[in-house]
Amino acid sequence: MDKVADIDLDLYSCLQCGYCKTTCPAYDQFGWEADSPRGKIFFLKRMGERGFFENRKKRDHDQSFYETLFHCTSCGMCDEVCHVEIKLSDVWEEVKEWLVGRGMDPLPGHKELMKRIYDPNKRNPFFDPNDPEKDFLDKRGRWIPEGTKLSDNPDVAYFVGCTAAHRMQFLAEATIKILQAADVEFTIMGPDEWCCGSPLLRTGLGDKVKEEYVQHNINEVERRGVKELVTACAGCFKTIKENYPAIVGYTPFDVYHISEYIWKLIQEKKLKFTKEFNKKAVYHDPCHLGRHAKVFDDPRNVLKKIPGLELLEMPRNRERARCCGAGGGFKIAFNEQAEDIAADRVREAVETGGDLIITPCPFCVVNLNAGAKKAGLDIKTLDLVQVCEQAL
Ligand code: SF4
Ligand code: SF4
């Protein structure tokens, strides 16, 4: 695998201006120049000149710099500010994948993730050793409330995602209540839905995702005859919408984030919020939905339709929104720093005057709540689908 050589142009385009450094949440945490995007580019360029990208043995690679490459939440802020338009988050993924392919050991947390996701009896990143129920594959569809009618002739496949299927089932229940309220003919894949692969693609461990998981998930959606896939997870959304077609060349259905889909249903007059939700809420843009996939307006439009809800904007919003710290496999490897990044974001929400944070991503919900707890701040983060469900 020598394609990492393609990044030469990126490495030599860098002006070392440092715009990316001042906006990088990982650099804020670790503080060394080598942790910043600029520092990583500089280091890679110099190492390249010394033959780093040639077919070297594992021991020739510098371990501490290797780990530094994982000091990154995949937030995409460096892409956003780089004025020579280097697609830095792609560079990080390429280099990580190349190094792992050269035999470098994954970080311990990422190795565990890989073991679980590639385990044919799990296919998801979670593990619950005390759960008497050993059949995790079957469990993936077991959250669905008794009596729920799945369509025999569905228009939509709801891709639940690992977090909602295995840990935050209330989000999956809220999502299907919204679809039911608009009489959407939908189905789920249950145990046929495998992890979308996002955490492994971000950490250089996505070889089997590319070889097997992407095609499997596409086939499972396709064989249900649907034309639309809806997911309420920002990470699954970016992965299925952007990475899947890049990997296999096609997706035979339209991919929607639930916030886009709800807005579509509202515009088609199939969904209306009737109950009041009297809160001053601050909206947090998930990086994978906002900066990466450019979905900024639809979730805001949806929230503005909820009676009683006053929507506030943090100073860092939309393209310049601050990351919550959870993405890119960062939380599992560096939880302390991930929660500190979240605490910083929660402080911003409090200073904005919100009494609640709303975001359309389960991962952001978990980490922002952890950040609030760590900072001793009395403010909760709810997922957009929870708020919409309450307003139906
Ligand atoms: S993607 Fe985000 S965390 Fe990673 S290097 Fe760029 S700015 Fe830093
Ligand atoms: S913003 Fe772009 S050009 Fe400037 S230091 Fe970062 S990578 Fe280099």
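Which helices each supply at least two residues of the lining of the largest cavity? The legends below, which describe a predicted model, begin with that cavity.

**View 1. The largest cavity and the residues around it.** The helices in question are α2 (19–22) and α4 (37–49), each of which gives at least two residues to the lining of the largest cavity, and the largest share, three residues, comes from α4. This cavity has a volume of about 100 Å³ and is lined by 14 residues, of which Cys14, Cys17, Cys20, Cys82 and Ile86 lie nearest its centre. By class, the lining of the largest cavity is made up of eleven nonpolar residues, two polar and one charged. A search of the whole structure finds four cavities of 30 Å³ or more.

**View 2. The second largest cavity.** With a volume of about 80 Å³, the second largest cavity is lined by residues that include Cys24, Pro25, Pro37, Lys40, His71, Cys72 and Trp92. Helices α4 and α6 (77–81) each contribute at least two residues to the lining of this second cavity, which divides into eight nonpolar, three polar and one charged.

**View 3. Helix α14 and its surroundings.** Helix α14, which runs over residues 234–248, has 15 residues and reaches 21 Å from its first C-alpha to its last, close to the 21 Å expected at 1.5 Å a residue. A bend of about 30° in α14 falls at Ile240, and Ile240 is also among the buried residues of the helix, together with others including Ala234, Phe237, Lys238, Asn243 and Tyr244. What covers the buried residues of α14 includes the strands β1 (156–159), β3 (228–231) and β4 (254–257), as well as the helices α12 (198–202), α13 (207–222) and α15 (258–267). Just after α14, Gly249 takes a positive phi of about 90°.

**View 4. The largest pocket.** About 730 Å³ of space lies in the largest pocket, which is lined by 41 residues, with Thr163, Pro199, Ala326, Gly327 and Phe363 nearest its centre. Helices that each supply at least two residues of this lining include α12, α14 and α19 (362–375), and the largest share, five residues, comes from α19. The lining of the largest pocket has 25 nonpolar, twelve polar and four charged residues.

**View 5. The second largest pocket.** The second largest pocket holds about 590 Å³ of space. Of the 26 residues that line this pocket, Ser89, Asp90, Glu93, Lys238 and Asn243 are the closest to its centre. The elements that give two or more residues to its lining are α6, α7 (88–101), α12 and α14. The lining of the second largest pocket divides into five nonpolar, six polar and 15 charged residues.

Technical notes: Residues are numbered from 1 along each chain as its sequence is written. Chains are lettered from A and ligands numbered from 1 in the order in which they are written. This is a predicted model: local features need pLDDT of at least 70, side-chain atom pairs count only at pLDDT 80 or more; totals for chains, interfaces and linings use all residues. Side-chain values use heavy atoms; hydrogens and water are left out. Helices (H or I, at least four residues) and strands (E, at least two) are DSSP runs, numbered from the N terminus. The expected span of a helix is 1.5 Å times one less than its number of residues. The bend at a residue is the angle between axes fitted to the seven residues ending there and the seven starting there. Buried means under 20% relative accessible area, exposed over 50%, partly exposed in between (1.4 Å probe, protein chains only). Contact means heavy atoms within 4.5 Å. On a 1 Å grid over the protein atoms alone, a cavity is a set of points where a 1.4 Å probe fits but cannot get out, and a pocket is an open set with protein on both sides within 12 Å along at least five of seven lines; lining residues have an atom within 4 Å of a point. Grid points are joined across faces, edges and corners, and a volume is the space filled by probe spheres set on the points. Ala, Val, Leu, Ile, Met, Phe, Trp, Tyr, Cys and Pro count as nonpolar, Asp, Glu, Lys and Arg as charged, and the others, Gly among them, as polar.
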